[in-house]
Structure formats: structure tokens, C-alpha cells
Amino acid sequence: MATLKALRMRIASVKSTQKITSAMKMVAAAKLRRAQEQAEAARPYALRMGRMLGSLAGSMTAGAGAPKLLAGTGADKVHLLVVATSDRGLCGGFNSTIVRLVRSDIRKLQAEGKTVKLLCVGRKGREQLRRDYANLIVGSIDELNRKRLSFADATRVSDKVLAMFDANEFDVCAFYYARFKSAISQIPTRLQLVPFVPSEAPANDTGASYEYEPEEGEILAALLPRNLAVQIYGGLLENGASEQGARMSAMDSATRNAGDMIKKLTLNYNRSRQASITKELIEIISGAEAV
Amino acid sequence: MADKTKFELVAPERLLASLDVDMVVVPGTEGDFGVMAGHAPVISTLRIGTIDVWNGGAITDRIFVAGGFAEASAERVTVLADEATRIADIDKTAVTKEIEGLRGKLGAATEDGERRSIAARIEIASAKLAAA
């Protein structure tokens, strides 16, 4: 049986841990709201960009003249996986679930005899992937703007991807991130970036054919890299919201666990305190009776 | 004039404007063009310049854009701007300072790609200053 003093100290330490986790939960909740707002604000641009690309890609038959970003290189050999995770831990299984999906895809691709390259965005994912696949990691980007993810941060990622594409370093590119469903549910998701997959949304409601200024090819050449950045930006924002959501629920359960632990310890403490009082009383009484 | 066209201006980070207007004049790469209701569908790239919003025969709003894309159709004009600021909101002293800072960086930059991107930013900032 632990001494009374030791129990008291444990209770105090669990209490201060609980304070920290509940503060972290509050912070995560506030950040989550901000991240959600930001993701919400970025949606109109992505939506319209998708619509514009959809109508362009629809009119541009994926023939010989189509830009490579749209049609692909024609090969399917080298896959680049861009993995977005968080820079910080203490967010439950957030990073692990993304990494698990990436791992299973790597195994699948390697079983098919394809070359896999990894580009890690975020420190935590890189650390986890480095254990098994250190030789596949071709680059990593972290320390993205923590306070507020800006579009410039997303272009840092997309510029790297585009530079690699121009250097013919991969054929297919996919982006891995956690889609935000709710504060307690985030779904690891694979999004194909290259070649471009038009969204299922109806290309244009009027069905009218557009005129292009300058030519279609030139617009597409400008629009596709831009779209890549927009998709990455959207994914990173979702990922940010998911991270905060995961941290919030992780900290919530940590706070609850600490509460349970305090209850148990306090009960234990009170029991042993009573036992020692009873023991002392018995000693006094039996001492008095003996006289 | 009764017919209005819906004008939407979006930057990557947020929706900047969504209003009904008589006409918008957009700085296309191959020349400025005005869009009114019932315009033929066009997709165009933009150069650095100013968007003029016309209402009731006068310019009601002027917005600086640093390139982007515009999509016009019979009932709406959508501008996807890389960067957009209302002319009235441009802070001249801040932009001047930004240009000076960028010039300093340009002198220090050694890599070609870096020089190019800084030069492009100086160009945008100078155009912004000229538009204000």
C-alpha cells in the first residue's frame, strides 16, 4: 500500500496534467473553428476553378495536343505520394491513420512493380515513414505557417511537385490527407493530382461552348498548375481542421481519463487515511484498557 | 438598363465580392473587355491590371488584380484572381516600402529562379502603386 504522502503527490500531479489537457482541448476547439472558417472561405475559389477546368477539359479532347498535366505522361511507372500530416503530436491517431493508408498503398504499388517516391509535408508523418521507407522519401516540407496557412504555403508544395514533374521524375501523383468529417471523425483520403481527374460536377449548366482568349492550350497551361496549388491548398486546410478536431477529441478523452484516475486515487487515499486513523484509535484504546 | 450580370470575384483564400452589376471591365491578356448581361461565353486569362465595375453609367468600384482567370457567360462573370485589392484600400506607403524591400532582396538573390520570382513580385507591386 502506497503511503499517504505518495498518494497525495500522485493526485496533485494527475490534477495538473488534467489542467493541461483541458486547456489544450479548449485551444484546439478554438483553432478548429478558425480552421473550419478558413476551409469554408477557400471553397468558392476551388469550386469555380473546378467548374472552369471541367468545361475546358471537356472541350479539350484528351488527345495528343493536351498538356501532360491533364493527360499524364502516358506511363504509369513512378508514383509520387504527397503525404500531408501535422507538425505536432498529441492529436490521437491522426497522423497514424494517414500513414497507415499510405503504407498500404505503398505496399500495393510495390507489389505491382511500381516505383514509389514520397514527399512528406509535416514533421510527424515524415518521422513515421522514415522508419520503413527512408529510401523512398525524396523530399519533405515542414514548418508551414502554423498560425494561419496561407495560399503561399500551398504553392511551396505545388511548386516542388511541378518542378519534379517537369524534370520527369514521376508519372502519377497523389495527395494524402485527412478529410474533415466532424470533430470526432476524420477520414484519410487519397486525391489524385496528376493526371488531372475532372470532378463529377456538371461541367457547365448552359451547355454553351466557350470562346477562349488566348487559346485553349495556353489557358490550360496556366490553369492546370494553378489548379494543382488550389487542390493542395484545399487539402491542407482540411487537414488542418482534421488535426485540430483529432486533437480536441484526444484531449477530451485524456481529460476524462484524468478525472477517472483522480476519483480512484482519492478513494484510495481516503480509505487508507481512515484505516490509519482506525488503527491509531485501536492502539490508544487498547493501551488505555491495559492500564 | 434592366439586365444585370452577376459579378463574382474570388481569391484563393476567400470570396471577395458577389454582386449584381451593369458591366464589368476585365483586363484580359489580349486586351480589356467589358462584360454585360447576355455576353457570349468566354474564358480568358488576366494580366496585372484593374477591374472596373460599372453601375448606372459610372464606375462604382475599382479592384486591382495581379493576374488570374475570368469566365464570362450570359448570366455571370467569375474572376479567379491571384491577388486582389480594392484600389481605395491600397496603402501607398506600405507598397512603396515593400518594393524597396524586394529590391534589396533582388540584389542579394543569386539563384535565377529566386531572382525571377522576386522580379515578378516587384512588377506586381509597382503596378499596384501605379493603379492607386
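Is A:Arg43 buried, partly exposed or exposed? At 39% relative accessibility, A:Arg43 counts as partly exposed (buried means under 20% relative accessible area, exposed over 50%, partly exposed in between, with a 1.4 Å probe and protein chains only). The model is predicted: local features need pLDDT of at least 70, side-chain atom pairs count only at pLDDT 80 or more, and totals for chains, interfaces and linings use all residues. Residues are numbered from 1 along each chain as its sequence is written, chains are lettered from A and ligands numbered from 1 in the order in which they are written, and side-chain values use heavy atoms, with hydrogens and water left out.

Chain A has 6 helices and 6 strands (DSSP runs numbered from the N terminus, helices being H or I of at least four residues and strands E of at least two). From the N terminus on, the order is α-α-β-α-β-α-β-α-β-β-β-α. Along the principal axes, the C-alpha atoms of chain A fill a box of roughly 115 × 40 × 25 Å. The radius of gyration of chain A is 28 Å, whereas a compact globule of 291 residues would have one near 19 Å (taken over C-alpha atoms; the globule rule is 2.2 Å times the number of residues to the power 0.38). Buried residues make up 43% of the 291 residues in chain A. Of the contacts in chain A with a separation of 6 or more, 76% join residues 24 or more positions apart (contact means heavy atoms within 4.5 Å). Chain A exposes about 15,400 Å², and carbon and sulfur atoms supply 55% of this area (Shrake-Rupley method with a 1.4 Å probe; for residues, only the protein chains shown count as cover).

Over all chains, the structure holds 19 salt bridges (a side-chain nitrogen of Lys or Arg within 4 Å of a carboxyl oxygen of Asp or Glu). In one of them, A:Arg43 pairs with A:Glu238, the closest N and O atoms being 3.8 Å apart. A:Arg43 lies in helix α1 (residues 4-59) and A:Glu238 in helix α6 of chain A, so the pair ties together parts that are 195 residues apart in sequence. A:Glu238 counts as buried, at 18% relative accessibility.

A salt bridge of 2.7 Å, N to O, joins A:Asp252 and A:Arg256. Both lie in helix α6 of chain A, 4 residues apart, about one turn of the helix. A:Asp252 is partly exposed at 23%, while A:Arg256 is exposed at 51%.

In chain B, B:Arg86 and B:Asp61 form a salt bridge (3.0 Å, N to O). The pair links distant parts of the chain, with B:Arg86 in strand β8 (residues 84-86) and B:Asp61 in strand β6 (residues 58-72), 25 residues apart. B:Arg86 is partly exposed at 32%. B:Asp61 counts as buried at 18%.

The rings of A:Phe151 and A:Tyr233 are edge-to-face, with centres 5.2 Å apart and planes at 85°. This pair links helix α5 (residues 151-166) to helix α6 of chain A across 82 residues. A:Phe151 and A:Tyr233 are buried. The A:Phe165 and A:Phe170 rings are tilted, with centres 5.4 Å apart and planes at 50°. Both residues, A:Phe165 and A:Phe170, are buried.

Terms used:
Phe/Tyr/Trp six-rings, centres within 6.5 Å; stacked < 30°, edge-to-face > 60°.
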